[in-house]
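Please read it alongside the sequence and the structure shown here.

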Amino acid sequence: MAFASRLLVGAVGLALVATGCGSTSTAPEAEGSTSADCAAFSAYGKHDGKKVSVYSPIRDAEADLFQQNWKPFEKCTGMKITYEGTGEFEAQIQVRSDGGTPPDLAFFPQPGLLARFAKAGKLKPAPAEVKTLAEEGWSKDWLNYGTVDGAFYAAPLGASVKSFVWYSPKTFQEKGWKVPTTWDELMTLTETIAAGGLKPWCAGIESGEATGWPATDWIEDVILRELGPEEYDRWVAHELKFNDPKVVAAVDKVGAILKNDKYVNGGYGPVKSIASTAFQEGGVPITTGKCAMHRQASFYANFWPEGTKVAQDGDVFAFYLPGKDASSKPVLGAGEFVAAFTDRPEVKAFQRYLATAEHANARMKLGTYVSARKGVDLANAQNPIDKLSMEMLGDPATVFRFDGSDLMPAAVGSGSFWKGMTDWINGKDTRTVLDYIDASWPPS
Amino acid sequence: MTSVRASLSSRTASLVALLIAVLWTTPTFGLLLSSFRQEDQIKSTGWWTFFSAPELTLENYQEVLFGASSSSGQLASFLINSIVITVPSVLFPLAFGSFAAYALAWLPFRGRDWIYIGIFALQVVPLQMALVPLLSFFSQGVEVFGLHLLPAWNLEGTGRFVQVWFAHTCFGLPLSIFLLHNFMSELPGELMEAARSDGATHGMIFRRIVLPLVAPALASLAIFQFLWVWNDLLVGLIFAGGTAESAPMTVRLAQMAGTRGNEWQRLTAGAFVSVIIPLVVFLSMQRYFVRGLLAGSVKG
C-alpha cells in the first residue's frame with residue numbers, strides 16, 4: 001500500500017514537472033486600442049477606477065470571449081469589470097442577494113428566477129436608455145420575458161435555438177432523403193428510414209442530476225407546435241394542466257418517436273438506452289452512420305467529435321424541427337437576461353453597452369455566439385449553425401417561446417418534469433407520468 | 001473475542017480484504033489512466049481499452065495546470081489560493097480549540113460544564129444555516145435595534161481570504177474543542193498537580209506538558225480539518241467568490257467542465273492535481289492519523 005501510493009505520488013509529480021517544461025503561455029491579448037477606437041465608447045462616459053461586478057452561469061471558453069470582448073470598453077471608460085461564472089447560479093444568486101453582497105449585474109438564464117427577484121424588490125428596473133435600446137432591438141416575445149408586473153427589468157443578451165434536428169447532409173444526399181418541412185413529412189421520412197433498416201433517431205437524456213432535460217425540450221417543442229403559442233403560455237403558467245388530454249396527445253406524439261423501438265435509439269440500442277446515454281453523446285452515432293436524426297439545441301455544435309465539419313455541405317448540420325405545416329414557425333429557445341441589483345452610473349453605462357447591437361457584433365466576431373437582437377450583422381457569425389439560428393430568430397414570421405422548464409417553478413421545471421420524463425422513457429405510460437408531474441405543481 | 005480476532009486475521013480474510021481493496025481502487029485507477037489519455041479517446045472508449053492500444057499523453061495535465069486562457073484550467077494559480085486558504089483555516093481552529101479545550105478541562109470555573117455542553121451541541125447545527133447570516137455579517141456588519149455594533153468588513157479581492165479563514169475557523173471550532181477536550185481531560189491530574197507545586201503557571205503547563213501529550217490528537221484533528229477545508233466547495237464558493245484572485249481550486253474544478261459540461265475530460269487530470277497535496281499530507285501524517293482516530297472516543 002505505502003509503496004504503491006508513493007509510486008503514485010512520484011508518477012504524478014513527474015507528470016507535473018514534464019508538463020511544466022512543455023508549457024508555453026501565449027495569452028490572447030486584446031488588440032491594443034488607440035484613442036481613435038475610443039470614439040465609439042465616448043457616449044458611456046468616463047468611470048475611472050470604478051468597478052462593476054458581473055455574475056453569470058456562463059463559464060469557461062464562452063466566458064473568456066465575453067471578457068475579451070469587454071476589454072476595449074473597459075479601457076475607454078476606465079471602469080473595471082469583474083466577471084464571475086458559476087455552475088450553481090440559481091442557488092448562489094439567492095445566497096449572495098440574501099447575504100447583502102449581490103453582484104452589480106447578473107445574467108439570468110431563467111426568466112422565472114428573474115421574476116422572483118424582481119417581485120422581491122431586489123432588482124432595479126432597467127434605466128430608460130436600456131429600455132429604449134431593448135425595444136428597438138428585440139421582438140415583443142423576448143421583451144415579455146424581461147418584464148415583470150409591467151416594469152421592464154432586463155434586456156436579453158445571448159440566445160440559443162432549441163428547435164433543431166441534427167442530421168448528416170451527406171447521408172441525406174446519398175440516400176435521396178429530403179429535409180422535411182412539415183411534421184407529416186418528418187414522420188414519413190422517419191418511416192422511410194426505418195423501412196431501410198436504419199434506426200432514424202438517436203437521443204440521450206442522461207445529464208447527472210439534470211437527467212431528463214433533453215426529453216422535456218422535446219415535449220415543449222411539440223406542445224408549442226401542436227397547441228400553439230397561446231396554449232403553450234397557458235401550459236407553462238399551469239392554467240392548462242399537465243394531464244390535460246391535449247397535453248397527453250402532444251406527449252404521445254413525441255412518444256411515437258422516442259418510445260418506438262423501431263425508431264430509436266440508433267447506435268445505442270432499445271428505447272431504454274436513451275435514459276442511460278449522456279446527452280453529450282446522444283447525436284454522435286450520426287457521424288458513424290448508425291443514426292439519421294438527433295433533436296438538440298444549436299449549442300450541440302460544440303459536442304461533435306473533433307474533425308467533424310458542421311456546415312450545410314459538411315458532415316453534420318441541422319434543420320428546423322418542422323411545425324404542423326410549412327407556414328407556422330414556432331421556435332423554442334433560451335437565453336440570458338441582464339438584470340441589475342445596483343444603479344450606480346457605471347453599472348448603468350455597462351448595462352447600456354450590453355444592450356447594443358455593437359456589443360453583439362463585436363462578441364460574434366470573437367467566437368460562437370447567437371443573439372436575437374435586430375441589427376446584428378450575420379456576416380459576423382463564426383459558424384453556419386449560428387448564422388442559421390440568427391436567421392430563424394430574426395425572421396419576422398418566427399414566434400419565439402422560451403424553454404418552458406426554465407419558466408416553471410423549480411420543483412417542476414428542474415425537478416418532477418425531468419424525473420417524470422426519465423420514468424416515461426424507462427417505460428411508464430404517458431398518463432401516469434403526467435398525473436405525477438401535475439400533482440407536483442406547488443400550490444400558489 | 002479471540003475467535004473473532006483469529007478469523008479476522010486468517011488467510012481467507014486477508015484475501016477478501018485484498019480483493020475489496022483492489023475493487024475499491026479500480027475506479028480511481030481508471031480515472032488516473034484516463035487522465036493520461038487523449039480527449040477523443042476518453043470520450044469515445046473506456047479506459048480499459050488502453051491495454052490493447054497503449055498511448056499516453058500529458059496534454060490534459062498541461063491544459064488543466066498551465067493553460068493560458070482562463071478557459072483551460074490555470075489550476076496552478078488556484079492551487080496556490082487553496083493553500084493560502086487551507087493553512088490558516090487549519091491552524092486557527094487548532095490553536096483556539098486547544099486553548100479552549102485546556103480551559104474547559106483544567107481550569108475550574110462556574111458554568112464550565114454548561115459552556116462545554118453548549119459547544120458540543122453546536123456541532124449539530126448544519127453550517128448551511130449560518131451561510132447567509134455570516135455573509136451579511138461581513139457585508140453589513142452587526143446591527144441590533146438600529147444600533148450599529150460592528151461595521152461592515154468591506155473585503156474585496158484577496159481580502160476575501162480573511163472571510164474564508166473566519167468561516168472555516170467558526171465551523172471547525174466545535175469539533176476541535178470537543179475532540180481535544182476529551183483527549184485532555186483523560187490526562188492524569190497528578191501531572192498537573194506536580195507541575196503546579198513546582199511553580200508552573202497554566203501557560204507553562206499547557207505548553208510544556210499538555211501540548212506534547214496531545215500531539216497525536218492535534219495531528220489527527222489537523223488532518224480532518226485539512227481534508228475538509230481542502231475539499232470544501234460550498235464555503236469557498238460563498239465566501240471567497242469565483243474569481244481567480246481568491247477562489248480555491250474546488251471552485252475552479254466545478255467550472256472547468258464548461259457551461260454545458262462538454263469539456264469533462266479535463267476533470268480527470270484536474271481530479272489528480274487536486275488530490276496530490278492531500279495525498280502527501282496524509283502519507284506523511286499517516287502514523288498520527290490511525291492513532292488519533294481513536295482520540296476522544298475510547299475511555300481509559
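## Contact between the domains of chain B

Seven residues of domain 1 of chain B are in contact with five residues of domain 2 of chain B, where two residues are in contact if their C-beta atoms, placed from the backbone, lie within 7 Å. On the side of domain 1 of chain B that touches domain 2 of chain B, the elements giving two or more residues are helix H2 (11–35) and helix H3 (39–44) of chain B, and H2(B) gives the most, with four residues. By class, this side of domain 1 of chain B has three nonpolar, two polar and two charged residues; Ala, Val, Leu, Ile, Met, Phe, Trp, Tyr, Cys and Pro count as nonpolar, Asp, Glu, Lys and Arg as charged, and the others, Gly among them, as polar.

The model is predicted, so that local features need pLDDT of at least 70 and side-chain atom pairs count only at pLDDT 80 or more, while totals for chains, interfaces and linings use all residues. Residues are numbered from 1 along each chain as its sequence is written, and chains are lettered from A and ligands numbered from 1 in the order in which they are written.

## Layout of chain B

The domain assignment, whose bounds come from an automatic or database source, gives domain 1 (10–57) and domain 2 (64–293) in chain B, and the C-alpha centres of these two domains of chain B lie 33 Å apart. Chain B has 14 helices and two strands, which are DSSP runs numbered from the N terminus (helices H or I, at least four residues; strands E, at least two).

The C-alpha atoms of chain B fill a box of roughly 75 × 70 × 30 Å along the principal axes. Of the contacts in chain B with a separation of 6 or more, 71% are between residues 24 or more positions apart.

## Nonpolar cores

A nonpolar core is a set of buried Ala, Val, Leu, Ile, Met, Phe, Trp, Tyr and Cys residues joined through C-beta atoms within 7 Å, and a residue is buried if 20 or more other C-beta atoms, placed from the backbone, lie within 10 Å of its own. The largest nonpolar core has 125 residues, and those with the most contacts inside it are A:Leu114 and A:Ala339. Helix H9 (residues 213–236) of chain A gives the largest share of this core, 10 residues. This core lies between domain 1 (42–161 + 333–402) and domain 2 (175–331 + 409–439) of chain A, because both give residues to it.

A second, separate core of 54 residues includes B:Ala101, B:Tyr102, B:Ala167 and B:Leu218.

Note on methods. Buried ≥ 20, exposed ≤ 12 C-beta atoms within 10 Å, placed from the backbone.
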